[in-house]
Amino acid sequence: MKIYPTNNIRNIALLGHGASGKTTLVECMLFEAKEITRRGSVDEQNTVSDHYNVEKEKGNSVFSSLMHVSWKDSKINILDTPGNDNFVGEVISALKVADTGVMLLNAQQGVEVGTEIIWEYTHKFKTPMVFAVNHLDQEKANFDMTVEQAKNRFGNKVTVVQYPLKTGAGFNAIIDVLKMTMYKFPDGGGKPEKHSIPDEEQAKANQLHEALVETIAEYDENLMEIYFDTGSLSEEEMVGGLKLAMLNHEIFPLFCLSAIRNMGSGRLMGFLHDIAPTPGDREVLLQNGQLLKPDPNSQPSAFVFKSFSEPHLGEVSYLKVYSGTIKSGDELYNQTTEKPERISQLFLLNGKERKPINQLKAGDIGVIVKLKNTKINDTLGNKDSNLKIRSIQFPYPRIRSAISTENKRDLEKVMVGLLQIAKEDPTLIIEQSKELKQTIIHAQGQLHLQMTKYRLDKVYGVNIDFIAPKIPYRETITKMANDSYRHKKQSGGSGQFGEVHFRVEPFSEHMADPTDLNVRKKQTIDLEWGGKLLFYWCIVGGSIDAKYSNAIIKGIMNMMENGPLTGSYVRDIRVCVYDGKMHSVDSNDMAFQLAASQCFKQAFKNCNPIILEPIVDIEVLTPEEVMGDIMSDLQSRNAMIMGMDAENHYQKIKAKIPLRALFKYSSTLRALSQGRAKHTRGDVEYQAVAKEIQNELIENYKNDGVEV
Ligand SMILES: Nc1nc2c(ncn2[C@@H]2O[C@H](COP(=O)(O)OP(=O)(O)OP(=O)(O)O)[C@@H](O)[C@H]2O)c(=O)[nH]1
Ligand SMILES: [Mg+2]
């Protein structure tokens, strides 16, 4: 394979809502560029891009995959991403390294939820963007509606470069208002014939051409002058202007496709070759805040944007070279772990097919196998290099579930599998909850969870089931009580003796010190689980030696970690130790620790204790049509609606809702809105549960010895 210099490389991410046709378009691009001799199809499960069994079975992409084609004198690296937002991590890592995004729109559906979600990310990365309206051969295709929706949502920067002569079964020609040419396709698609624009289309084509010229001229003063002087721009001038405007996120050219019929992909690749920004046109942010412009002649620096372990092959690391040249056999350093890494063999990919290559120049994308100490977000470079690429920020998971295994012996294998999967997928977080005594998986959605289960089964041979996570309740008190406890044990030799007198009261910020006690020392303990314990030492006359105060705190903390009502964590308490007794021989730390635990427990029960539950701030983004159903469902879950905002054709509902009412909420939303409504979770606060619920929780704890 030829080695391509930086400016002859194009890195493209194919983006769009599920089923917009990205994977099908890849087949067209590979076929037209003669990388494959036959176009596969998603329905026949034989595409290059969807090469994992799970993707074939489900009929949609789950992982991003890497392909490349040669087109004229450039190499186009193609990252095909999944449209389902359960796999948004794959989209984000592809966007990190892509220099142009191609957003596919389904001409029957217009702009869809997935389009909007992904758009937000392209905005963050300032990715130069192209739109491609696909499915134009479908009976219900509506090009004008799709363009109008795109302009509504993404602004007038969406600029038509092509429009279809006809849509539906008769779709076979595209009018290109940049080239001012009509491309007419043979029945089987492929290379079109060029025709002049038919007379009856002239007026429309001219009008769109003018609009395109004006939009391009708007972003470049020189071009604006030429445009004013001559009333038009040459194709060459338009190309230069377009590239600049794309780089500045000021224009989003729009193209036409029928991927299933292989119509339109050649011209799209031509445009990417002629106009799309090259890696050399874009700078990347370093960890230290500086910008790096890819330069093949400076020191090597490659960023790992994805890593995946393949059976029989081991770890496959996907990397983009941001500067210098990386060669097979190089000895590099991982800038994060500061450990050496040997680049054994570099490859280019076409789906699962690997082609060895001996070097990758700045701007190029490829993979390395068998790196020892490198994972996603790491940079490889020289030992003394200061080039560390800014890591990718992945979104925090939106749902959580606990897991159970039928066979306890599988637990270890499950954990090995889960930790490996989470290492490759930073949008999945595995938590071993000490508090809930459960393993919790935090994921992007139900499908993300199902995919994790599927991979554990297929790759690690273990089965898990999803169960409701226990709710992390808290306990606290609402009034003050005094109590005392004497721990005394006489067993054979030396005995145990410790007596403490506590005042236990609810803590609140800025509460006054007790006026009737002599406060000698104050300690504030910030609790790991939120809230505080204030510990006041108010002993006068040496009734207990101050050396026992740590043991007393330990005794209290044992109870705070294992609340007297339901075993939940206790928060926001002030304890004043105001009296006690010790024995010159029998007193020791253990005796005071036990006395403190018991004294705290007794007092706590007289302080009118309450159980608090987590209340989560959520935002639901829903299409207007199903707003009513979503609101009544929220109310049935005891949600408190905090506000509503219109956002284009969507409504954003803000609400506070008990965590216990949120298990599987994303499935409910999906069902209520045909997959269009989404929710995100924000801050958590604690509120007292109703008396009946409190009694039920206490009763269940007594019966089972565990929280419900
Ligand atoms: N009629 C028609 N069908 C298409 C076209 N493009 C794709 N399809 C079909 O639409 C379905 C989805 O196509 P994919 O290529 O898998 O779509 P995708 O965007 O990769 O979907 P995800 O991987 O789920 O994000 C398949 O059944 C394709 O055959 C098109 O231009 N016209
Ligand atoms: Mg796909």
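A polar contact is a pair of N or O atoms within 3.5 Å; within protein, one must be able to donate a hydrogen and the other to accept it, and residues adjacent in sequence count only if both atoms are side-chain atoms.

## Basis of the model

This is a predicted model, in which local features need pLDDT of at least 70 and side-chain atom pairs count only at pLDDT 80 or more, while totals for chains, interfaces and linings use all residues. Residues are numbered from 1 along each chain as its sequence is written, and side-chain values use heavy atoms, with hydrogens and water left out.

## Contacts with ligand 1

A polar side-chain atom of serine 61 lies 2.8 Å from an oxygen atom of ligand 1. For asparagine 134, a polar side-chain atom is 2.9 Å from an oxygen atom of the ligand. Glycine 83 instead places a polar backbone atom 2.7 Å from a ligand oxygen.

## Strand β5

Buried means under 20% relative accessible area (1.4 Å probe, protein chains only); strands are DSSP runs (E, at least two residues) and helices are runs of H or I (at least four), numbered from the N terminus. Because six of the six residues of β5 (residues 129-134) are buried, the strand is largely enclosed by the rest of the structure.

## Neighbouring strands

Strands pair if DSSP finds at least two bridges between them. Strand β4 (residues 100-106) pairs with β5 in the parallel sense over six bridges, and methionine 103 has phenylalanine 131 as its bridge partner. Strand β11 (residues 252-256) runs parallel to β5, joined by three bridges; here alanine 132 stands opposite phenylalanine 255.

Note on methods
Chains are lettered from A and ligands numbered from 1 in the order in which they are written. Buried means under 20% relative accessible area, exposed over 50%, partly exposed in between (1.4 Å probe, protein chains only).
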